[in-house]
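Hi,

Here is the structure I promised to send over. Have a look at it first, and then read on for my notes.

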Protein chains: 2
Amino acid sequence: MRIAVDAMGGDHAPAAIVDGAVAAARHLEVEIALVGSTPAVEGALAAHAGWRHLPVTVVEAPDVVGMSDSPAAALRRKPKASIRVAADLVARGEAAALFSAGHTGASVMAAYAAFGAIDGVDRPALATAIPTRTRPAILLDSGANVECRPHHLLQFAVMGSAYARLALGVERPRVGLLSIGEEETKGNELTREAHRLLKAAPLNFIGNVEGREIYSGVADVIVCDGFTGNVVLKTSEGLVEAVESLLGDELRGTFSSQVGYLLSRRAFRRFRKRVDYSEFGGALLLGVAGLAVVGHGRSSVKAVRNAIAMAQRFASSDFIRRVEQDIGGVGTLTS
Amino acid sequence: MRIAVDAMGGDHAPAAIVDGAVAAARHLEVEIALVGSTPAVEGALAAHAGWRHLPVTVVEAPDVVGMSDSPAAALRRKPKASIRVAADLVARGEAAALFSAGHTGASVMAAYAAFGAIDGVDRPALATAIPTRTRPAILLDSGANVECRPHHLLQFAVMGSAYARLALGVERPRVGLLSIGEEETKGNELTREAHRLLKAAPLNFIGNVEGREIYSGVADVIVCDGFTGNVVLKTSEGLVEAVESLLGDELRGTFSSQVGYLLSRRAFRRFRKRVDYSEFGGALLLGVAGLAVVGHGRSSVKAVRNAIAMAQRFASSDFIRRVEQDIGGVGTLTS
């Protein structure tokens, strides 16, 4: 199985991407197509002795969509952008899945353009695995659609449930609707109407969940519009950084010995890896007729490797067909 | 100066409310009107020897708006509900400010009905002080309005700036608009249009801020609709709880000695107080022509005392008139 990797996308590209891809090629049953400027990619590969013996190929793509580019315009202007070339490899059947840590909007658009939507899905959504006190949960949409209608949230719930069944091994994932207040009359227009649709759908819908419950583990799948989902994830990221900084001050005050302080810092760093989105791998783009994993811009080497493993896992499980079947089952409810 | 305290509102009412009010009466230059069922309030007061020598009076209000009541209906049905009687005391000039830790929606509605809106304000907003890596910042709306229009966010920014000037002592508070993406073209319809209005207003507007920056200290005032604001605050609350639980696991693993573990837990508990909204006092209701501080349902004794101190501080500073003046200055921009 071959995974197409956008070697040029991400804050630490191509080095971190190439390093992660090489680790995946070494340790997983996977071939890698590194898509990007050949000199840049080969330059990064040079750090890995013997890479030519690994199942790694370089696919030339001279252009890049930058982090500050307008994605629609950049994709139009740059047919040879690495994200477009990588998505096309998947669309042509030359790779089983796509990974990019580049501009999220551009990755979503390129995948949507290359793969098309699954029948019955109006909008693709980004699904992110988040840690909770118990097992991970799936939050979606984490940023693909800033404006959503109630039936989009229903489709997100169906796709998120398929994700949770496969990735978390939960038979009947508990679906929560992110809102403010638990009663179905609480929330805004979008959530009140979405609540009605979710209640009638063949899902294990547990009702509204408040922000406070996102990390408690009460729900396996949490649906919301992409504006709210993105704010939630980024707020969490910033809060963990602030906690680390403020807690450092407290710990410095508590421990008379330098040793205790260092031990606590080490514990915190390990903890942070459990909640750090840049460590996790990536968000899965749901609703398109092909597999795409979108990484955090700050993806580390380990995150890239994890994201490739995730892409491989979904690609070997006939995931797209499962989502098609599930979406087919609720199509009549929304039309 | 007299503060009207809704003695019956909150998860631990009347005990925690009465205890906090007594602490305020003992240590601050303030009189307290405890509004609620006289037997219940006097029962809680009985725990404080010599309370009759304190500047504390009990004002009878036999009814309560419960946490699960529909606030509009409950307020209509119960003219003698503690929150209504307390708000009426302020409206009649018999108290300078109101504090309640009861049903937030009911507190907002009761204050709005009793005080009316400030000229030029279309919607009241709840403003919450949040900790950042540097000094606190003001987030609003934290839940009074689930649906907002762009000019509401402009009014929130003006009122939030007045709050920050007084409470944080910042001459020109930096105002950020909570959105996804820093460019003004990013975000949803609401934030894109609000960005345009904020840019043209006589404010120190620094542009969009992302969720990740809320706790970084880049902005003194962060404006958003009440749905988003409420989700942000409750997500943060839940995340801090999850961090505490997960970090406990890590620390147990790190420290061989029980002593080190206990020291770390103590440090974490101290840290948590810095970020726990139930410790802070309360949210200030902005835009109504009277002072109201709304506490967290789980308000502790200390939080009640802090909230009363906050109400007193705003009441002695002619705050409402300052907001009226500031709102007057932008009125022509939005009409």
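This is a predicted model: local features need pLDDT of at least 70, side-chain atom pairs count only at pLDDT 80 or more; totals for chains, interfaces and linings use all residues.

A word on pairing before the strands come up: two strands count as paired if DSSP finds at least two bridges between them. Helices (H or I, at least four residues) and strands (E, at least two) are DSSP runs, numbered from the N terminus.

Residues are numbered from 1 along each chain as its sequence is written, chains are lettered from A and ligands numbered from 1 in the order in which they are written, and side-chain values use heavy atoms, with hydrogens and water left out.

Let me begin with chain A as a whole. Eleven helices and eleven strands make up its list of elements. Its C-alpha trace spans about 65 × 60 × 35 Å along the principal axes. The radius of gyration (taken over C-alpha atoms; the globule rule is 2.2 Å times the number of residues to the power 0.38) is 20 Å, which agrees with the value near 20 Å for a compact globule of 335 residues. Of those 335 residues, 59% are buried, where buried means under 20% relative accessible area, exposed over 50%, and partly exposed in between (1.4 Å probe, protein chains only). Taking contact as heavy atoms within 4.5 Å, residues 24 or more positions apart account for 71% of the chain A contacts with a separation of 6 or more.

Now to chain B and strand E11(B), residues 291–295. Five of its five residues are buried, so the strand is largely enclosed by the rest of the structure. The cover applies to both faces: B:Leu291, B:Val293 and B:Gly295 are buried on one side, and B:Ala292 and B:Val294 on the other. Strand E4 of chain B (residues 97–100) runs parallel to E11(B), joined to it by four bridges, and B:Ser100 stands opposite B:Val294. Strand E10 of chain B (residues 282–286) pairs with E11(B) in the antiparallel sense over three bridges; here B:Leu284 has B:Val293 as its bridge partner. E10(B) and E11(B) form a hairpin with four residues between them, and B:Gly287 in the turn has a positive phi of about 105°.

Another strand of chain B to look at is E7(B), residues 174–178, which is mostly covered, with four of its five residues buried. Five bridges join E7(B) to the parallel strand E8(B), residues 204–209, and B:Leu178 has B:Val209 as its bridge partner there.

Finally, two residues of chain A. A:Asn230 sits in helix H8 (residues 226–254) and is buried, with a relative accessible area of 13%. Not counting residues up to four places away in sequence, A:Asn230 touches A:Asp141, A:Ser142 and A:Gly143, as well as B:Ile180 and B:Glu210 of chain B.

And is A:Arg172 buried or exposed? A:Arg172 counts as exposed, at 57% relative accessibility. Its place is in the loop between helix H6 (150–167) and strand E7 (174–178) of chain A. Leaving aside neighbours within four places in sequence, A:Arg172 is in contact with A:Leu203 and A:Asn204.

Happy browsing, and best wishes
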